[in-house]
Amino acid sequence: MNNKSFKLGLFSLFLMLSFHNQAQEGMPKGWKVGSQAYTFRLFSLEETLEKLNSIGVKYVEMYPGQKISKSGNETTDFKSITADGKAKIKALLKKYDIEAVGYGVVNASDEDLHKLFDFAKELGIGILTSEAKPNQFDQIEKLCEEYQIKLALHNHPVPSYYWHPEVASRMLEGRSELMGVCADIGHWVRSGLNPVDCLKQLEGRVISLHIKDLNKFGVRDAHDLPWGTGTSNVAGVIHELHRQGFEGAFSAEYEHNWENNLPDVEESIAYFKRVAAQL
């Protein structure tokens, strides 16, 4: 093969890879689709990142209490983590080319809120997912503005405090745009709520999402299925967020097949991309 043919071949390969990458992404502006590390709670953060990297996922939402490395006992708890632990997390994120977009679900005492925001800032985390107490909102709002870090209120199923979107909507009225919700659509389904209707009630306040597609509607012990095969109307959720002009993070939180759920996560994200590519 002569030099000209070789260069043409490389150029053609480059174009093919570029088109492939574009097709793989196929996301509206500002959408970051990744996974909640809790999906892999039986494993360390190191193993979680290794798994996500193997399927091309670039974003993770960490949670408090996960072991950081395969060996050793230090965890991701913001209150007890050492400087060495934070350095290990940074090194692992760099090694596996994954961005930590969020951290939670995490609650903190009034005395520990500064420590929580310091932790997030040092690791480059932009979203804190929480079920903070309403009497902490004034302090949290000031910290959000000071650190330019978002606080997203998470909903567990009924009877948890934020189970219904009307509660978060009311509590956030007049608050900073850096305060909003982490919409857990699976927990809405467990509570018998339509996720698309819930998102409409919270328009303008959705910061991030925990995506679950469940096998039953309105049943607390329902379990996860690959997205697009359950009762959560994931496609409808995607279309509604696109209509709202949403920009933010989606985390797969797959709480089933704990020992080997990576194939289900991969299938779910592939479904998400197929739907998003049609928007």
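This is a predicted model: local features need pLDDT of at least 70, side-chain atom pairs count only at pLDDT 80 or more; totals for chains, interfaces and linings use all residues.
Residues are numbered from 1 along each chain as its sequence is written, and side-chain values use heavy atoms, without hydrogens or water. Local features need pLDDT of at least 70 and side-chain atom pairs count only at pLDDT 80 or more, whereas totals for chains, interfaces and linings use all residues.

Helices α4 (residues 113-123) and α5 (residues 137-147) have axes that come within 11 Å and cross at roughly 25°. Helix α4 is therefore roughly parallel to α5 (angles under 35 degrees). The contact (heavy atoms within 4.5 Å) involves Leu113, His114, Phe117, Asp118 and Lys121 of α4, together with Gln139, Ile140, Leu143, Cys144, Glu146 and Tyr147 of α5. Six of the residues in this contact are nonpolar, two are polar and three are charged.

The second largest pocket holds about 260 Å³ of space. A pocket is an open set of points on a 1 Å grid where a 1.4 Å probe fits, with protein on both sides within 12 Å along at least five of seven lines, and its lining residues have an atom within 4 Å of a point. The lining comprises 13 residues, of which Gly204, Arg205, Val206, Ile207 and Glu247 lie nearest the centre of the pocket. Strands β6 (179-184) and β7 (206-211) each contribute at least two residues to this lining, which divides into four nonpolar, four polar and five charged residues.

Met27 is located in the loop between α1 (3-25) and β1 (31-36). Beyond its neighbours within four places in sequence, Met27 contacts Val33, Phe272, Lys273 and Ala276.

Notes. Axes are lines fitted to C-alpha atoms, for helices over the stretch in contact, and angles run from 0 to 180 degrees between N-to-C directions. Helices (H or I, at least four residues) and strands (E, at least two) are DSSP runs, numbered from the N terminus. Angles under 35 degrees count as roughly parallel, over 145 as roughly antiparallel, 65 to 115 as roughly perpendicular and the rest as oblique. Ala, Val, Leu, Ile, Met, Phe, Trp, Tyr, Cys and Pro count as nonpolar, Asp, Glu, Lys and Arg as charged, and the others, Gly among them, as polar. Grid points are joined across faces, edges and corners, and a volume is the space filled by probe spheres set on the points.
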